[in-house]
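Please walk through this structure with the text below, beginning with a pair of strands and ending with the chain as a whole.

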Amino acid sequence: MKLLHLLPITATLLTAGAWASGPHWGYHGKHGPKHWEGECQMGRAQSPINIVTSKTVSTELPPLVFQYQESPLQLVNNGHTIQQNVAPGSRIRIGDDVYELLQFHFHTPSEEQINGKPADMVVHLVHKNEQGQLAVVAVLFKVGAENKALKSFWGKLPAKEGTLDDGSSINAFDLLPENHGYFAFSGSLTTPPCTEGVRWQVMKEPVTVSRAQLNAFKKIFPMNARPVQALNDREVKASK
Ligand SMILES: [Zn+2]
């Protein structure tokens, strides 16, 4: 019953998200991260962060239960990244909490750093629960073997602002690493308005992307990563 209630809300959010356009911002110069406003400057729990593994707290974290399903391909170049809008029905369970997968998108290099080093790319899987709280799962990519999941749609990335919708489908589950161990912390959106209260899960195990695949993305977005932000008094937990 709860599920039936959730679906129309999510559908509305997806539509709004696809067409949302805020004030101009970017990653360089006078529109760059140093000039992003509001919570981006004032916040004390911002993302991304550098995860120093020796300072993480090893603990029993709830397993991430991915209940993802096939979704029609709907790739949006929104001027900041390439985003796949996901149809209702894909969910993640974190302990007792259930979040609906809304969309996923890419950054290069990865916004997250592990011990001071970014990975070559990252995908952010953005979820929302019935209370409107966000949970993001980040999967890091390192240059290596060709990524099969990316291969299915990487040739279709829209180079200019707009949407590609060709009747094919994709399952976000294919983007995940085999091992579902993760780092957990509280953070924010990494783009304006940098809203806090976002539940972050960064997967410990990276996946691979070929140099050619990485370059195909960089040709459209050479650099779309916010610098790491101060941890302040936050704790980063690591699943055992
Ligand atoms: Zn992101």
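In this predicted model, Ile-114 stands opposite Lys-117, a residue of β10. Ile-114 lies in strand β9, which covers residues 113-114 and pairs with β10 in the antiparallel sense over two bridges. These two strands belong to an open sheet of three strands, with the order β1-β9-β10 and mixed pairing. The edges of that sheet are β1 (50-51) and β10 (117-118); each has a single partner strand, so one side of each is left without a neighbour in the sheet.

Strand β5 (residues 75-77) runs antiparallel to β6, and three bridges join the two. Within this pairing, Leu-75 stands opposite Gln-84 in β6. The two strands β5 and β6 form a hairpin with four residues between them, and in the turn Gly-79 has a positive phi of about 90°. Strand β6 is also joined by three bridges to β8 (residues 97-107), again in an antiparallel arrangement.

Which way do the side chains of β6 point? In a regular strand the side chains alternate between the two faces of the sheet. From β6, Ile-82 and Gln-84 point one way, while Gln-83 and Asn-85 point the other way. All of these residues are buried. The cut-off for that term is a relative accessible area under 20%.

Why does His-105 count as buried? Its relative accessible area is 11%, and the limit for buried is under 20%. His-107 counts as buried because its relative accessibility is 2%.

The next feature is a covalent link. The structure holds one disulfide, which joins Cys-40 to Cys-194 with an S to S distance of 2.1 Å. This pair links distant parts of the chain, 154 residues apart: Cys-40 is in helix α2 (residues 39-42), and Cys-194 is in the loop between β15 (182-188) and β16 (196-203). The torsion about the S-S bond of Cys-40 and Cys-194 is about 90°, so the disulfide is right-handed. Cys-40 counts as buried at 5% relative accessibility, and Cys-194 also counts as buried, at 0%.

Now for the chain as a whole. Its secondary structure comes to four helices and 18 strands. The radius of gyration is 17 Å, close to the 18 Å that the globule rule gives for 240 residues, so the chain is as compact as a globular protein of that length. Along the principal axes, the C-alpha atoms fill a box of roughly 50 × 45 × 40 Å.

How many of the 240 residues count as buried? The share is 46%. The accessible surface of the chain comes to about 12,000 Å², and 54% of that surface belongs to carbon and sulfur atoms. Contacts can also be sorted by separation in sequence. Among those between residues at least 6 apart, 69% join residues at least 24 apart.

Methods: Residues numbered from 1 in each chain as written. Predicted model: local features only at pLDDT ≥ 70, side-chain atom pairs only at ≥ 80, totals over all residues. Heavy atoms only, no water. Buried < 20%, exposed > 50% of the residue type's maximum accessible area, 1.4 Å probe, protein only. Pairing = 2+ DSSP bridges. Disulfide = S-S within 2.5 Å. Rg over C-alpha atoms; globule rule 2.2 N^0.38 Å. Contact = heavy atoms within 4.5 Å. Areas by Shrake-Rupley, 256 points an atom, 1.4 Å probe, with all protein chains shown as cover.
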